[in-house]
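Dear colleague,

Please find the structure below, handed over for your use. My findings follow it.

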Amino acid sequence: MTSATAAAPDSPTTASEDLPPGGPTIQQRRRSMLASAVGNGLEWFDWNIAVVFSGALSAALFDPADPTSALLSLFAVLGVGFLFRPLGGILSGWLADRWGRRTVMVATMLTMSAASLGIALLPTFEQAGVLASVLLLVARLAQGLAHGAESTAGYAYIAEIAPRRRRGLWSSTLAMGVLVGSILASAMGFGLNTALGVDAVADWAWRIPFAVGAVLAIVALVLRIAMIESDVLRTARAEGEVGPEAEAPASAAERGDAVRAGVKVFFFVALISIAFYTWLTSASSLATAQHGMDPSAAFASSLVAQLVCVAVMPFAGILSDRIGRRPVALIFTGGFALLTAPLTLLISSEAWTLLVAQTIALVLVACGNGIYSALLSEQFRTRHRARGIGIANSLSVAIFGGTALYVNLWLSSIGASWLFIVYVSLVAVAASVAVLRMRETRGVDLTA
């Protein structure tokens, strides 16, 4: 199930003392951690701006005669992009285990940058007809491929370069990068709509964030080229466990452990995905569309809740380093099992209802996302880590995250919003069971 044999002792230690001898210094690791977090944040910026600017994109790239149908078509295209995430995760998992995490993470930045630039240059539906929708689909599939690859290599990488008794804290920086990228996407949506007006954004200014994302990715690419490679992976290569020269295939018992770990990760990630896309990425848009909330007030409330989430994440990581991954993970899963219904039903046309509900929900999300890469990486041995994360994580995100917005909007349109509440609550129960079935992995040796 995991590479763990024993948890780390509770005695205090400095980060530098908690590193294997002869490897990269703590300063090199911190620079690489920064490059990983910044790049991951920019990838999430590129990924989420399509959701933030969904209204403008649906009007520009789909038949505007039926706005509801156009928006549903856009969400369907965005959902299809998730289908390529498993392919990206599986492919990059294999490549990252054989050739290195850093190589894959550089390639993902190039792919995401090119896809974002492509979207910025797309012709409109008025100019090219259905071809505009098809080209958006192609670009979104490329983004899905890169996004799945980034998640796979990045989660394994940050956990492997971290001091083992600080792994939760270091892993939270990757989650913070994800959220900061998402916040920047929302902030750009608010800023452009405020500065230029809704009509200008719908007409041409929706292209700006995609162009900005493509340019910023070059900065992240430069940072990533200078990253160290995972010393955990180098050790495994030297011992013949992974890489092109691996001495022997994994045993049946090891493969069975990896499959069981993957199933547990699948259900944990299912709740992460639904909660992320429902409460973080699209909460303000849903409050506006479903409850008639003032868009500016909804965005302001959502921004406050997101900033609280960013602030809580490192504390969730630190807490998991002290008391364990499972208790913190259960705060997240159990919290959504109990609170999904009351938090969802609290939201009305008043902005304060969104502020309260989303803040509570995102504190729970911080507990899950803050320990995300540490928890996932600790479930697998080195020879299976990137592939295990890639398959389980990407499939779960594609199935649950890729459909969350569409299912939510569709159920709301037919007057059955309560079914979405039941759906999320049941997924939260399944995720709680998965966490309870995991063994505590705080501070385990990832080289085992």
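In this predicted model, the secondary structure of the chain amounts to 18 helices and zero strands, where helices (H or I, at least four residues) and strands (E, at least two) are DSSP runs numbered from the N terminus. The radius of gyration, taken over C-alpha atoms, is 21 Å, close to the 22 Å that the globule rule gives for 448 residues, so the chain is as compact as a globular protein of that length; the rule is 2.2 Å times the number of residues to the power 0.38. Along its principal axes the C-alpha trace spans about 60 × 45 × 40 Å. Of the 448 residues, 56% are buried (under 20% relative accessible area, 1.4 Å probe, protein chains only).

Helix α11 (residues 252-281) packs against helix α14 (residues 325-346) at an angle of about 45 degrees, their axes being 11 Å apart. Axes are lines fitted to C-alpha atoms over the stretch in contact, and angles run from 0 to 180 degrees between N-to-C directions. The contact (heavy atoms within 4.5 Å) involves Phe268, Leu271, Ile272, Ala275 and Trp279 of α11, and Ala329, Phe332, Thr333, Phe336, Leu343 and Thr344 of α14. These residues divide into nine nonpolar, two polar and no charged, with Ala, Val, Leu, Ile, Met, Phe, Trp, Tyr, Cys and Pro counted as nonpolar, Asp, Glu, Lys and Arg as charged, and the others, Gly among them, as polar.

Residues are numbered from 1 along each chain as its sequence is written, and side-chain values use heavy atoms, leaving out hydrogens and water. Local features need pLDDT of at least 70 and side-chain atom pairs count only at pLDDT 80 or more, whereas totals for chains, interfaces and linings use all residues.

Yours sincerely

Technical notes:
Buried means under 20% relative accessible area, exposed over 50%, partly exposed in between (1.4 Å probe, protein chains only).
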